[in-house]
Amino acid sequence: MKRRDFIRLGAGLGAAGLTGGLPFTANAQTKAVFKASDVQPPGSPTVAATENLGKKLSEATQGRLSIQMYPSMQLGGEKETIEQTQIGAIQMSRVSVGTMGPIVDDINVINMPFLFKNTAHAEKMMDGGIGQELLDKITASPNANLVALCWMDAGARSLYNTKHPIKSIEDVKGLKFRVIGNPIFIDMMNALGGNGVAMGYDQVFSALQTGVIDGAENNLPSYVFSNHYTTAKYVTLTEHLVIPEVLVFSKRVWSGLSADDQNLIKKFAREAQLEERGFWNEYEKRALEKAKAAGSQIVEIADKTPFQNAVKPVWDKYGPKYQDMIKRIQAIA
């Protein structure tokens, strides 16, 4: 399905979304099939967890409410699908917090480089009170027009490129790296000595092939299962970011659901958050094995201090307004 087609999807939304431009009201007689979008391919952890959420929802409502999954960027990249979810043409989207940050500034705190000690630290944040507080900030934002249902793990992000192994921060110099379109990430990459290029995830593979960019930064499964590894053979495990994903629902459509249906979706979303984590851990192992088998050169950085020191200007620029939340996150034991 081409991007121009996803607005056409709204034409049949009488059962799931908008009818005559107004939010629909779900009741015992209304059958609703919610369209869910993900940029990741079938079988990926976020896709599988969302599909399972849909199965549970269908079983609990005897088929009255269900989810139709559109993986592999069928409905567009994250920026486009967020926009379509905001107006209700898509009902549910799984997107990166990196993409959500420019929309809801409060959650940009998670996008600070080297904020988390490791992925376990990030998981504790997601599962605890701070995690719920940040989800609530998305839901409360009039700018977002979305309901944040749950977090999903996306591991740690590292650097990969087509040119040469990166064994020290000096090796980053001058390379053009794709980053999510968020000013924090552009500034981060520039501070590391590279050139940050904001680009949609759906454009990365062709940009690597054609040399528009020299590399990108992402987690290992995205690197492998979106075939970036076929072109970019050099991976360095900087783990400079641990930014989770978030599953969001169109507030415009949500407002037409009964409180019981809303609570049901929230319950299954919470279960999906924990279920996806188990999927993710296995997926990450498979990605690493596949990358090694394909001949990718994987460099581990024993001392990340030079990288951490290099992004100090990013912390100086963005950190002060998130100071209180940063302290709370860093205090999580």
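A residue is called buried when its relative accessible area is under 20%, exposed when over 50%, and partly exposed in between (1.4 Å probe, protein chains only). By this criterion, buried residues account for 55% of the 333 residues in the chain. The model is predicted: local features need pLDDT of at least 70, side-chain atom pairs count only at pLDDT 80 or more, and totals for chains, interfaces and linings use all residues. Residues are numbered from 1 along each chain as its sequence is written, and side-chain values use heavy atoms, without hydrogens or water.

The chain contains 13 helices and 13 strands, taken as DSSP runs (helices H or I, at least four residues; strands E, at least two) numbered from the N terminus. Its radius of gyration over C-alpha atoms is 20 Å. The globule rule (2.2 Å times the number of residues to the power 0.38) gives close to this value, 20 Å for 333 residues, so the chain is as compact as a globular protein of that length. Along the principal axes, the C-alpha atoms fill a box of roughly 65 × 40 × 30 Å.

Contacts are heavy atoms within 4.5 Å. Among those between residues at least 6 apart in sequence, 74% join residues at least 24 apart.

A nonpolar core is a set of buried Ala, Val, Leu, Ile, Met, Phe, Trp, Tyr and Cys residues joined through side-chain atoms within 4.5 Å. The largest has 54 residues. Met100, Ile110, Met125, Leu134, Leu192 and Val246 touch the most other members. A second, separate core of 24 residues includes Ala36, Ala49, Ile67 and Ile265.
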